Amino acid sequence: MKRLSTQRKYSKRLGKKGYWSGYNRGQEQGRKLGQASFGKVFEGVSIIIPSCNQLQQLRACIHHIEENTSHPHEIIVVDCGSTDGTPTYLLRKSIAVRYTLLTKDVQITGSLNQGLMMAKGTIIVVLDPRSMVTSGWLDRLTGCLYSDPRFGVVGPVSNGPFGEQQVEVPEMNENEIHSFSKAYNSPNPVAWRETESLAAFCLLLRRETLVKTGYWDEGCHSIEEAHADWLLRVRLLGIRMAIAGDAFIHFAENDRDTVNGFPQMAEGIGSLKEKGRNRSFFVQKWGDVDKLLHDSEFGLAEPDSHGIPHKETHLSAASFYPAGVLVQGPSGEVFRIEPGSRQLLHGVSAGGGKLLRPVRVSQLDLLALPLVGEPEVAVSGGIDAPPVEVAPKEPLPVLAAPELGNMSMLPTLHIPAQRKRWIELLYAEGGRLYQIGDDWKRPFLTLYAALSWQAGDCPIQCLSSEDLSALTEKLPIIAPPVLRGHL
């Protein structure tokens, strides 16, 4: 009996050892496969669902996707610290659903960005877990998207409180929703209409749209403001948006006021104080949006009534970044942005140069700028790299501002703290800061944009209004999105 007991214990130890050995081999194999497939896309749809303590809604959302989606697709759930059984549910659904579990302190904008990074489809859908997709939903949305090559983002109609996208429907149970949507979602191109805004409960976009616009800004105070910020970048690039009026998606209205640990994705929700704070940040970052989009001063006026856009198709959000600045991607490599391209930093000088701090940008921003030149020695450093010494042959970007009445005698400043204060005073006086080249100038859209690009590190000159007017004005300079993840 003792010998039998010993054999059982030995067998149990071997079994446990074998389990963990197999587990580690599988994990390593999965890691290698993941690295090999990174960046590869498939002809299908990636459906991204951010979630936090919304198990009931999430389960219903996934069920309706599986019941009503015939297109090749993948479901990606990004969960932030749920304690309601969501992790266990996702583990059980792991064959049908790709998912990642983040910590509770990650906000919805960060979780959404994580899902966007994971997406591999040529089409991407951002979906609120309270949205119940219906029969034919994806056919109608993709039909609208592909009806015009200028369309980059499309949204459905719904019973939810979503402005232009809200339609009047009777009160219905789940069975009645199914029969209603089956009749409603009949192909009807006449119901497609262009719009300047879309609600975030369901957004369908081309992958190219994401590559051009970049990720959502995690520096925004709420998902609503991050959503408005991203849509503004869409419009800034001349990408059209449309509402597919023949695609109805039911929204669980009764749950829309429940926070569940996340700011809401529905419009019109939140305190007046919070909305005021969000609006304050939005203005701080973008300034006068109407002027930006419609004023010929920036050359960004909307396409004319004949529908002929005069924005260049190769533009991306990175096209609105200043030339000559140093940027750092998630891998730690440091690049210099050139007009329409980027160059890996090489041959960093050991002395006699100037210090410039790299600005963190996303991999999408880097990919939007073609890599030019042959790199020599790559710059080392982590995500938060120290100031990099730039060789004299690679001068710092030059900034300029108009001479103001009480500042005309100021010399060019060299101390970063002084220059930062100078910029603040300049904007307080109603002036404008520019980056200048041999025959061109580019205005910083706001003080926030100037400080986001470490303007205090660059030489600043005072120019007369005549000298500034003689320079050709090019694209304005916007602030890059704040990113808190490895994107």
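**View 1. An open sheet of four strands.** The strands follow the order E12-E11-E10-E14, with mixed pairing; two strands pair if DSSP finds at least two bridges between them. Strands (E, at least two residues) are DSSP runs, numbered from the N terminus. At the edges sit strand E12 (341-344) and E14, each pairing on one side only. This is a predicted model, in which local features need pLDDT of at least 70, side-chain atom pairs count only at pLDDT 80 or more, and totals for chains, interfaces and linings use all residues. Residues are numbered from 1 along each chain as its sequence is written, and side-chain values use heavy atoms, with hydrogens and water left out.

**View 2. Strands E11 and E12.** Here strand E11 (residues 334-338) runs antiparallel to E12, and four bridges join them. Look for isoleucine 337, which stands opposite arginine 342 in E12.

**View 3. Valine 359 in strand E14.** Strand E14 covers residues 359-360 and includes valine 359. Valine 359 counts as buried because its relative accessibility is 7%; buried means under 20% relative accessible area (1.4 Å probe, protein chains only). Not counting residues up to four places away in sequence, valine 359 touches Leu326, Val327, Gln328, Ser452, Trp453, Gln454 and Pro480, where contact means heavy atoms within 4.5 Å. From valine 359 to glutamine 328 the C-alpha to C-alpha distance is 5.9 Å, although 31 residues separate them in sequence.

**View 4. Strand E16 and its partners E17 and E19.** Strand E16 (residues 398-402) is joined by three bridges to strand E17 (residues 434-436), and the two run antiparallel. Leucine 399 has glutamine 435 as its bridge partner in E17. With strand E19 (residues 460-463), E16 runs parallel, joined by four bridges. In E19, glutamine 461 is the bridge partner of alanine 400.

Key
Buried < 20%, exposed > 50% of the residue type's maximum accessible area, 1.4 Å probe, protein only.
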